[in-house]
Amino acid sequence: MPLGAAMITAEDAKLIEAYRNEALFPAGHAVPATSEVAVLRRRQPAGTGDVAWMPDANTYCLVSIRERGSDRTCFGLAAKRKPQGYVHVGRLTPHGLSGAADRHQLWLNVTVVENTSGPFTYTGGTPKHATPIQESTVRFPSGRTMIFLTYEFPEATHIPRDAEICSNSRTVCFKAFQPNAVGQ
């Protein structure tokens, strides 16, 4: 989804407003401008979901906003990256953020792919209960273009070890649920 005010839907506006109003930024840290934020996933009710931005060329941040809580996490990308098809598989994070009472919590995975094109699909041992891959291509004001892939699976579900995600041309493939170390 390209950034820009013309592309923001009414639901996105509610989500970005919620993101801007949350106390997720330490004192003295500026909240990124709306033009720098990409909506990755929309949730119900309106105003909940996941947004991302890049505070610098080697970091992306994810804010997950839910009815009962919000979470902000930033991830380091390798300073030197492959010129074609760099992949950073983020760590899994609980999707519900709703406390221990929610026994059927989903786990969200956000993967960043740079310098290649999609679409991307599961290959190998496709997880039976995983959600389809949602793909957001984002061009940030810095000029950097990234593809954010988001996918979820229920807690306590077996994940096949050979579960991979590949581009249609299979030039870029990676283990769907094996996170990179920070900065790798």
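Arginine 81 counts as buried, because its relative accessibility is 17% and the cut-off for buried is under 20% relative accessible area. The model described here is predicted.

Arginine 81 takes part in a salt bridge with glutamate 114, and the closest N and O atoms of this pair are 2.5 Å apart. The two residues belong to distant parts of the chain: arginine 81 sits in the loop between strand E4 (69–76) and strand E5 (86–89), while glutamate 114 is in strand E7 (residues 106–114), 33 residues apart. Glutamate 114 is buried too, with a relative accessible area of 3%.

How many salt bridges does the structure hold? There are 2 salt bridges. Besides the pair already described, the side chains of glutamate 152 and arginine 41 meet in a salt bridge, at 3.1 Å from N to O. Because glutamate 152 lies in strand E10 (residues 145–154) and arginine 41 in strand E1 (residues 38–43), this pair ties together parts that are 111 residues apart in sequence.

| Residue | Relative accessibility | Class |
|---|---|---|
| Arginine 81 | 17% | buried |
| Glutamate 114 | 3% | buried |
| Glutamate 152 | 2% | buried |
| Arginine 41 | 3% | buried |

Another residue to look at is threonine 48, in strand E2 (residues 48–56). Is threonine 48 buried or exposed? Threonine 48 is buried, since its relative accessible area is 8%. Leaving aside neighbours within four places in sequence, threonine 48 is in contact with Leu15, Arg42, Arg43, Ile65, Arg66 and Glu67.

Notes. Residues are numbered from 1 along each chain as its sequence is written. This is a predicted model: local features need pLDDT of at least 70, side-chain atom pairs count only at pLDDT 80 or more; totals for chains, interfaces and linings use all residues. Side-chain values use heavy atoms; hydrogens and water are left out. A salt bridge is a side-chain nitrogen of Lys or Arg within 4 Å of a carboxyl oxygen of Asp or Glu. Helices (H or I, at least four residues) and strands (E, at least two) are DSSP runs, numbered from the N terminus. Buried means under 20% relative accessible area, exposed over 50%, partly exposed in between (1.4 Å probe, protein chains only). Contact means heavy atoms within 4.5 Å.
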